[in-house]
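Dear colleague,

I am passing on the structure we spoke about, and I would be grateful if you could look at it alongside the notes on its pockets that follow.

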Amino acid sequence: LTYAKELVFTMFGSGAPDFGAASDGDGDRNMILGRRFFVTPSDSVAIIAANAQAAIPYFQSGPKGLARSMPTSGALDRVADKLNVPFFEVPTGWKFFGNLMDAGKLSICGEESFGTGSDHIREKDGIWAVLAWLSILAHRNKDKKAGEGLVSVEDVAREHWATYGRNFFSRYDYEECESESANKMMEHLRDVIAKSKPGEKYGNYTLQFADDFSYTDPVDGSTVSKQGLRFVFTDGSRIIFRLSGTGSAGATIRIYIEQFESDASKHDLDAQIALKPLIDLALSVSKLKDFTGRDK
């Protein structure tokens, strides 16, 4: 939305076309837009997975498995559950998907940072994701006669939310933070996690568990730890903290906020409004302003 702002302006302006898509320079990442409608990458991979068997011949026997990176919203989990296929939550980094694909365990995967892929290429493929969406739209409109209203990107997304619920999702990047204070904040959060107990109240949220995400690869048995600090609540909401880059320009603190909403009457809410209680909670639990001096 930041770097493809010309496309966003076109898609949200008057006389906008039905479908818009952007890719980065090397074609591996993608963004999908409908008329005045943005599809989050977390929703995009879930919607592709839910429609793939019907709309894309390559998947006519159904996906072998689905996977997402840990910070990506749980929208894909619900699709895997309904399709009754294996599901994997992996650390950030495409190699973890690659191992699963090589072992024949994974067909479709994605990450919140605009990467979507399938086992046709073992990499994230922005061109493929755009074609997958066009295939879904073509399939959903195949019986339409001239003059009938077409099923739009927004219609496909809203039907998906009505079936699976909506995972409101946003990521906040605090860039160029002073490395020492960023690390101190993460240590403070590790202390909070060490003392946390399931059932604890965090405002209106009840803690299911809190941990520092680790992963054991089911293919080669390798283990990675300290992949992100997670606060997971009983209603499916999550707050995740990750630190990336501690070079001369400082560290980037990433906060991932996710709120699950099953009530279709609330699916129209602006994501920032729906997420505000969790955003406030994330800032207070982490004491981000105290540690870094950052307030935006």
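In this predicted model, the second largest pocket is lined by 14 residues, and those that lie nearest its centre are R68, D77, V232, G236 and R238. Two or more residues of this lining are given by each of α3 (75-83), β5 (87-90), β11 (205-212) and β14 (229-233), with β14 providing the largest share, three residues. By residue class, the lining of the second largest pocket divides into seven charged, four nonpolar and three polar residues, and the volume of this pocket is about 220 Å³.

The largest pocket, for its part, has a volume of about 1,200 Å³, and its lining is made up of 36 residues, of which L1, M31, F38, P41 and F114 lie nearest the centre. The elements that contribute two or more residues to this lining are the strands β1 (19-23), β2 (30-34), β3 (37-39) and β9 (166-177), together with the helices α2 (41-55), α6 (153-164) and α8 (271-286). Which element gives the largest share of the lining of the largest pocket? That share, nine residues, comes from β9.

With best wishes

Notes. Residues numbered from 1 in each chain as written. Predicted model: local features only at pLDDT ≥ 70, side-chain atom pairs only at ≥ 80, totals over all residues. Heavy atoms only, no water. 1 Å grid on protein atoms, 1.4 Å probe; cavity = no way out; pocket = protein on both sides within 12 Å on 5 of 7 lines; lining within 4 Å. Points joined across faces, edges and corners; volume = space filled by probe spheres on them. Helix = DSSP H or I, 4+ residues; strand = E, 2+ residues; numbered from the N terminus. Nonpolar A, V, L, I, M, F, W, Y, C, P; charged D, E, K, R; others polar.
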